[in-house]
Amino acid sequence: MPMRINHNNRSSTKKRTATRAVSFATALALSASIWVGAMGQASAEAGTSYKILNQSFVINGASSSVSVLNSYDTTYVGLRMLSDKLGLKTNWNQAQKTVTVEGNGRTLVLGIESGAITLNDQTLYGLPPIVDKNTTYLPLRFLLERMGYEIVYNTSTKGIEISKLAENAFAIGTEKIEYSDAKKKLELVVNYPQLSGLKDADVQAKINDYLKQEAETQAAEGKQQLLEAASDTGEWATEFDGTYTVTYNEQGLLSLYVDYYIYMGGAHGGTVRVPYTFDLATGSLLTLKDAAKQNADYVSIINKAIKAQLKARDLEDGMLTPFETIEPDRDFYLNHNGLVIAFGQYEYLPYAYGIQEFVIPLKSFE
């Protein structure tokens with residue numbers, strides 16, 4: 001079903017999904033892991049003197065030490081130093097003032113002055129890079145997760161461990177649907193993934209066709225909403241964009257979501273998250289029960305896990321409505337740690353909480 005956000009009350013009619021947009025200040029106050037808009041200046045704290053530390057890591061099983069600094073309540077890592085240890089290729093473009101990181105089928109480009117970030121030609125939104133003493137630093141988890149690595153804290157050794165994920169053997173590229181009208185002050189950009197190099201060409205075509213059709217449907221609906229908003233007001237610029245995130249690409253499965261953001265005036269816009277999980281052997285979408293290993297009690301197992309996490313995060317008192325149960329066909333996606341159920345904004349919690357994720361380990365369904 002295509003997304004539709006009413007520009008009067010900012011609510012979506014898409015089943016079980018609500019809107020979300022997080023301002024930069026709110027994101028920092030809540031968590032450094034919440035995505036925010038790319039900043040206009042990469043060196044956001046120009047003139048700041050940072051304390052550089054040597055952090056010990058275990059990288060692909062070998063002990064190492066890398067320079068880090070702390071900013072925005074998150075750990076930043078020296079880009080070239082860590083990239084060299086991971087076997088990634090880095091390049092500095094003096095004319096464009098960009099750093100490019102390549103490896104594992106990915107190309108990450110960072111604008112040091114502009115703050116712009118792209119991954120495989122898709123614009124990303126996150127905390128800005130920092131330049132200190134001619135060294136570029138990036139948020140550690142941002143760099144690793146976007147380049148195909150896992151980062152964990154080993155409670156027994158008190159160390160940070162980094163390892164390359166064993167991903168499925170194919171590449172993911174970005175296609176775009178774009179539309180703009182300067183006179184009506186509207187702009188639309190929908191990014192969607194396309195697979196290449198998958199062993200089964202028919203499965204690859206099936207998945208690519210499906211994702212393309214989904215993007216075209218969402219883009220057409222988004223364009224219509226922008227045109228209606230322009231006709232209704234004509235007082236402000238409006239925008240619609242789709243940005244995809246691959247959350248899991250292992251063991252014959254591919255899971256991702258697309259965040260469709262729309263702004264039609266007012267204090268903020270809204271986002272609808274649309275997830276997909278494919279079986280790479282058939283090209284078919286998995287159901288929630290499929291992902292839960294056909295466990296007959298999967299709904300109650302997920303409910304119990306969500307309620308425990310709500311309590312652990314002290315979220316229960318702030319809920320707009322009590323959580324009772326998920327729907328049997330609830331939207332979901334996978335990540336390296338398990339099955340993910342996401343609460344859309346305003347679904348259970350106030351706007352400032354953004355999209356809350358609840359991860360249920362797959363072993364819970366065994």
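Which residue in β12 is the bridge partner of valine 152? The partner is glutamate 161. The structure is a predicted model, in which local features need pLDDT of at least 70 and side-chain atom pairs count only at pLDDT 80 or more, while totals for chains, interfaces and linings use all residues. Residues are numbered from 1 along each chain as its sequence is written, and side-chain values use heavy atoms, with hydrogens and water left out.

**Sheets**

Helices (H or I, at least four residues) and strands (E, at least two) are DSSP runs, numbered from the N terminus. Two strands pair if DSSP finds at least two bridges between them.

An open sheet of seven strands runs in the order β9-β10-β3-β2-β1-β12-β11, with mixed pairing. Its edges are β9 (130–132) and β11 (149–154); each has a single partner strand, so one side of each is left without a neighbour in the sheet. From one strand to the next, the twist averages 40 degrees; such angles run from 0 to 180 degrees between the N-to-C directions of axes fitted to C-alpha atoms. Strand β12 (residues 159–164) pairs with β11 in the antiparallel sense over six bridges.

Five strands form another open sheet, ordered β13-β14-β15-β16-β17, and its pairing is mixed. Here β13 (171–181) and β17 (270–279) stand at the edges, and the twist averages 15 degrees from one strand to the next. Within this sheet, β15 (residues 238–250) and β16 (residues 253–263) are antiparallel partners over 11 bridges. Threonine 245 stands opposite tyrosine 257 in β16.

**Aromatic rings and charges**

Rings of Phe, Tyr and Trp (its six-membered ring) pair if their centres lie within 6.5 Å; planes under 30 degrees apart count as stacked, over 60 as edge-to-face and the rest as tilted. The whole structure holds 11 aromatic pairs. One of them joins tyrosine 210 and phenylalanine 278, whose ring centres are 6.1 Å apart and whose planes stand at 80 degrees, so the pair is edge-to-face. This pair links distant parts of the chain, with tyrosine 210 in helix α4 (residues 201–232) and phenylalanine 278 in strand β17, 68 residues apart.

A charge sits over a ring if NZ of Lys or CZ of Arg is within 6 Å of the ring centre and within 35 degrees of the ring normal. Two such cases follow.

| Charged residue | Ring | Distance from ring centre |
|---|---|---|
| Lysine 223 | Tyrosine 179 | 4.1 Å |
| Arginine 273 | Tyrosine 257 | 3.8 Å |
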